[in-house]
Amino acid sequence: MASSALPFFLLSSFLLFISASYSAAAATSFRPDALVIPVSKDASTFQYLTTIQQRTPLLPELCLLLVPAGKVWVGSMLISQSQRLRGCYSAPRPGCNNNTCAVLPDNTVTRTGTSGELASDVVSVKSTDGSNPGRVVSVSKFIFSCGSTFLLEGLAGGAVGMAGLGRTKIGLPSQFASAFSFHRKFAICLSDSATANGVAFFGGGPYRLLPNIDASQSLIYTPLYINPVSTASAYSQGEPSAEYFIRVKSIKINEKAIKLNTSLLSIDNEGVGGTKISTVNPYTVLESSIYKAFTKAFISAAAAFNITRAAAVAPFSVCFSSKNVYSTRVGPSVPSIDLVLQNESVYWRIFGANSMVYVSDKVLCLGFVDGGANPRTSIVIGGKQLEDNLLQFDIATSKLGFSSSLLFRRTTCANFNFTSNP
């Protein structure tokens, strides 16, 4: 088969239950323990992308890689020779692949959805021992959906769809785990650079970064929670969310707790509130009252560091002069931010490299934005705060492992060695 590639947008959650029989048989007798794909950052949109080999014949497809989308879809009206799924019993009709299994692909960037169709085809990716890429392996009946090309609006240039990392049965993690019989978990390590790739792993560790640092040994664990109401822009009634939620109990600035309406930190019966992880948002988004308390506390703590305010620069409302801000191993010397999780001893610490954005040589801004008074989710942890952190999502046990900044360990997410082993 001829080989080429297309880019995908990387997503982390999507939920879809399939009445058709599910099959993702590996096309080789070799059973890898884990898989690896590169993750790039688009300089103009700050979206995270990956390229996988898909379709018949194989093509390299660039897709948006998303936490939290749950399915893989391509915006194409002609898919090639994709196979019709068993369990779709009605007669073929016009569409992207004459498949009559209807689904609801959605664009989590523009918050639009439409009807689409399920199909299956070959997907090929590289195996890994955790240190280097290894043999190429294939899933012969990889399930994806296809829909109208208008869904591509808002995606990085060249992207042809979204590759979902969500909890769904047809998300990348579940399909790869089923095909190769490894643990239903995956890890992402996003680079802060548009010129150096980060990495995503499917399966367990080790996750080794140069110089021979197993980042999985630095993980702290917290439970993952399921929102009972779908957060997708298109979904069926009764579907829970496929996104990944954690429970933040409080926020501290320089180890001092700020006063918050703590009811906003829990998910209510209508699926409103709580904290989720999303690579769709370039920066963490906070509900307005949380944002106001958070920025007030940060400004006060920064003043104690002799850091002075500067004029706001959109999309940020809190900016500072860089005059008294010094460089450290973990970024600008600014107050630390702690997301306190299941108890006071378990917290996700955010240092300057992940909290601040330089908008010029003389001005840097707090990389958090106001999400308004009534958002669906109170805290959305965005891409900037995830970069150069290793995150492992264990879907089977509903557990998140997070490393905090890898800069403390003198490595970054751009340090995976993509030189292939024979």
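Predicted model: local features only at pLDDT ≥ 70, side-chain atom pairs only at ≥ 80, totals over all residues.
Local features need pLDDT of at least 70 and side-chain atom pairs pLDDT 80 or more, while totals for chains, interfaces and linings use all residues. Residues are numbered from 1 along each chain as its sequence is written, and side-chain values use heavy atoms, with hydrogens and water left out.

Aromatic rings come up a lot here. With Phe, Tyr and Trp rings (six-membered ring for Trp) paired when their centres lie within 6.5 Å, the count comes to 16 aromatic pairs. One of them, Phe186 with Phe202, has its centres 6.4 Å apart and its planes at 35°, so it goes down as tilted (under 30 degrees is stacked, over 60 edge-to-face, the rest tilted). Phe186 sits in strand β12 (residues 185-189) and Phe202 in strand β13 (residues 198-203), so the pair ties together parts 16 residues apart in sequence; strands are DSSP runs of E, at least two residues, and helices runs of H or I, at least four, numbered from the N terminus.

As for charges over rings (NZ of Lys or CZ of Arg within 6 Å of the ring centre and within 35 degrees of the ring normal), Arg135 lies over the face of Phe30 at 4.3 Å from the ring centre, and Lys399 over that of Tyr221 at 4.8 Å.

Ser174, in helix α1 (residues 172-180), counts as buried because its relative accessibility is 8%.

Finally, four strands form an open, antiparallel sheet in the order β22-β23-β29-β28, with β22 (309-310) and β28 (356-358) as edges, each pairing on one side only. Strand pairing takes at least two DSSP bridges; two join β22 to β23 (residues 319-321), and Ala310 stands opposite Cys319 in β23.

Conventions
Buried < 20%, exposed > 50% of the residue type's maximum accessible area, 1.4 Å probe, protein only.
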